[in-house]
Amino acid sequence: AYFDLRAGDLDAIQEQVFARLAPLPEAGGLLMFRTEVPQEIYQRVMNTNPSRHAGRGLPVDSVSWPEAQEFCERLTWLLGLRVRLPREAEFRSGWKADVEGAWSADNSGGRSRETGTSPPSDAGFFDVAGNLAEWLQPTSAVGETALVAGGSYLDAAAALKTLRLAPEEKRERARHIGFRVVVEPGAN
């Protein structure tokens with residue numbers, strides 16, 4: 001039923017998603033969003049937008065870990081490829097220490113900024129440090145917490161020079177937490 005509802009948007013969603021993917025270094029063909037998931041794509045896939053800071057190009061915020069999982073499941077249906085949250089090692093491979101200009105408490109004006117507008121990491125990924133902290137895929141779905149990584153616009157620029165990892169309640173819907181996705185070509 002869900003697929004039938006999205007059939008008219010299928011080509012546009014696939015085009016938007018594939019345009020945002022980049023290969024993860026040394027990850028055996030895995031692809032990861034170069035940016036956090038923007039509200040425009042989240043809205044098209046989920047037919048809702050929980051974000052407190054609204055804007056098509058802004059990253060989706062105020063999304064819980066179960067909601068991020070639901071997005072991954074629906075996007076898997078639409079792409080015909082397995083979509084999931086990044087694991088810690090995958091997130092690290094896209095991260096770069098000491099990114100000048102990352103969206104932080106020092107330069108963001110106290111809110112998230114449009115995806116893809118900060119300097120990219122050497123691997124070509126944006127906002128892996130700063131802008132929004134991001135949900136990660138835990139090693140086990142069991143448990144009440146999951147890690148968020150990367151820090152956010154609430155953190156000082158100096159704090160973003162090391163990869164920040166923090167456990168959060170999976171039901172947390174904080175305005176400074178979003179996510180990006182990994183796509184596994186050839187898996188569904």
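This is a predicted model: local features need pLDDT of at least 70, side-chain atom pairs count only at pLDDT 80 or more; totals for chains, interfaces and linings use all residues.

Biologist: What makes the pairing of the Gln137 and Gln69 side chains a polar contact?

Modeller: The distance is 3.1 Å, and the limit for a pair of N or O atoms is 3.5 Å. That puts the pair within the limit, so polar contact is the label.

Biologist: Why is Asp61 called buried?

Modeller: Its relative accessibility is 0%, and buried means under 20%. So Asp61 counts as buried. Asp61 lies in the loop between helix H3 (39–46) and helix H4 (65–79), and its contacts include Pro50, His53, Ser112, Leu132 and Ile177. A polar atom of the Asp61 side chain also lies 3.4 Å from the backbone nitrogen of His53.

Biologist: How do you know that Glu40 and Arg56 meet in a salt bridge?

Modeller: N to O is 2.6 Å, and the rule asks for a side-chain nitrogen of Lys or Arg within 4 Å of a carboxyl oxygen of Asp or Glu. So the pair qualifies. Glu40 is in helix H3 and Arg56 in the loop between H3 and H4, 16 residues apart.

Biologist: Why is Arg56 exposed while Glu40 is partly exposed?

Modeller: Exposed means over 50%. Arg56 is at 60% relative accessibility, so it counts as exposed. Glu40 is at 24%, which falls between 20% and 50%, so it counts as partly exposed.

Biologist: What does the salt bridge between Arg180 and Glu134 tie together?

Modeller: The closest N and O atoms of Arg180 and Glu134 are 2.7 Å apart. Arg180 lies in the loop between S7 and strand S8 (182–184) and Glu134 in strand S4, so the pair ties together parts 46 residues apart in sequence. Arg180 and Glu134 are both buried.

Biologist: How many salt bridges does the rule give?

Modeller: The count comes to 11. There's also a network of salt bridges linking Arg82, Arg84, Arg87, Glu90 and Glu184.

Technical notes. Residues are numbered from 1 along each chain as its sequence is written. Side-chain values use heavy atoms; hydrogens and water are left out. A polar contact is a pair of N or O atoms within 3.5 Å; within protein, one must be able to donate a hydrogen and the other to accept it, and residues adjacent in sequence count only if both atoms are side-chain atoms. Helices (H or I, at least four residues) and strands (E, at least two) are DSSP runs, numbered from the N terminus. Buried means under 20% relative accessible area, exposed over 50%, partly exposed in between (1.4 Å probe, protein chains only). Contact means heavy atoms within 4.5 Å. Lists of a residue's contacts leave out its neighbours within four places in sequence.
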